[in-house]
Amino acid sequence: MIQPSFDFQTLDPETVLDSLWNTGIRVDSGLTPLNSYENRVWQFSDEDRKRYVAKFYRPQRWSVDQLQEEHQFTQELADANIAVAAPLSFQGTTLQQTEGIRFALFPSMGGRQYEIDNYDHLERAAQTLARIHQVGRQRQFHYRPTFGLDEYFHQPLALLQETPLIPAALRADFITVMTELGAQLTQVWHTDWESLRLHGDCHPGNILWRDGPLFVDLDDARNGPAVQDLWMLVSGDLNEQRVQWDILLECYTELTEFNINELSLIEPLRVMRMVYYLAWVVRRWQDPAFPKAFPWFEEADFWYRQIAEIKAQIALLQSPPSLIMPQF
């Protein structure tokens, strides 16, 4: 049975403003919504013109313990002088509640866009990630999950097999290619890597640039292999990727170790992210924001492309790793 998507029907503007005032902050501006589908996020200013970001977490996605682990990890990073957006504490806690919805307040930390083709940005991001992982190795998340096939393939597949959003004419083809993908992933996914606490969703959009990289939005933090926080910073054709990996790993390994065998996880992680994304949209479809944001999700052309892309990923999984393995 498809899981319901818990939405934000009780979170009207008056409730948001009341909840902010209850923390002791005197809101003196309107609420400017920031781009977020999973949570609800607003920026505002107080009477002293200090800017804040309020993040209201999607109900029943994370438990209180899981949210507190994220906040604790973020604060550990901030205490290590790593540039992250750490939640603020009010009345002794960083996690607030209103109408059954948990929320947190952060300082609004502006910055310009991280440039994916800027090697200086890549070098500095690699060095900062190394420092993040040094802190991440100090302990494991106890309540948050660990990257693996169950969360990122088997559970999404079960959801996708039931959804009516896949056109009937393409359902059999989609399930067939997904079954083939599952068999291939089972063969290539390995767990002989050190598990550490990760940012978890380290794409360029979650990095701002000030005097250096500022990492934001640890909402997907979990345990996993270090390469999960690295591979999404690499783009372009194969030659460009090789240059970027050389830079990334050279700068990263100046500060901490890296298991070179984790490079074989790049393509499995990439296709697992694709599958997880499809299931994420299905899981949230009852939220009115999702049909509006993803109107093409029910179209046959979209699912034709997904089938083709998954077939291409299966071919990559069946081939030897294309990256030249650097020696460090």
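Predicted model: local features only at pLDDT ≥ 70, side-chain atom pairs only at ≥ 80, totals over all residues.
In the UniProt record, an unreviewed entry, the annotation "binding site" covers Asn206 and Asp217.

Asparagine 206 sits in the loop between S7 and strand S8, the latter spanning 207-209. With a relative accessibility of 6%, asparagine 206 falls under the 20% cut-off and therefore counts as buried. Beyond residues up to four places away in sequence, asparagine 206 touches His199, Asp201, Leu214, Phe215, Val216 and Asp217.

Aspartate 217 is found in the loop that runs between strand S9 (213-215) and strand S10 (222-224). Its relative accessibility is 32%, so aspartate 217 counts as partly exposed. With lysine 55, the link is a polar contact between the two side chains, at 3.0 Å.

Turning to strand S7 itself, arginine 197 lies within its residues 196-198. Arginine 197 counts as buried because its relative accessibility is 2%. A polar atom of the arginine 197 side chain lies 2.9 Å from the backbone oxygen of valine 135. Apart from neighbours within four places in sequence, the contacts of arginine 197 include Phe73, Glu76, His133, Gly136 and Gln138. Arg139, Gln140, Phe141, Arg222 and Asn223 are also among them, as is Val135.

Methods. Residues numbered from 1 in each chain as written. Heavy atoms only, no water. Helix = DSSP H or I, 4+ residues; strand = E, 2+ residues; numbered from the N terminus. Buried < 20%, exposed > 50% of the residue type's maximum accessible area, 1.4 Å probe, protein only. Polar contact = N/O pair within 3.5 Å; in protein donor to acceptor, adjacent residues only side chain to side chain. Contact = heavy atoms within 4.5 Å. UniProt positions renumbered as here; feature names shortened; annotations may be inferred.
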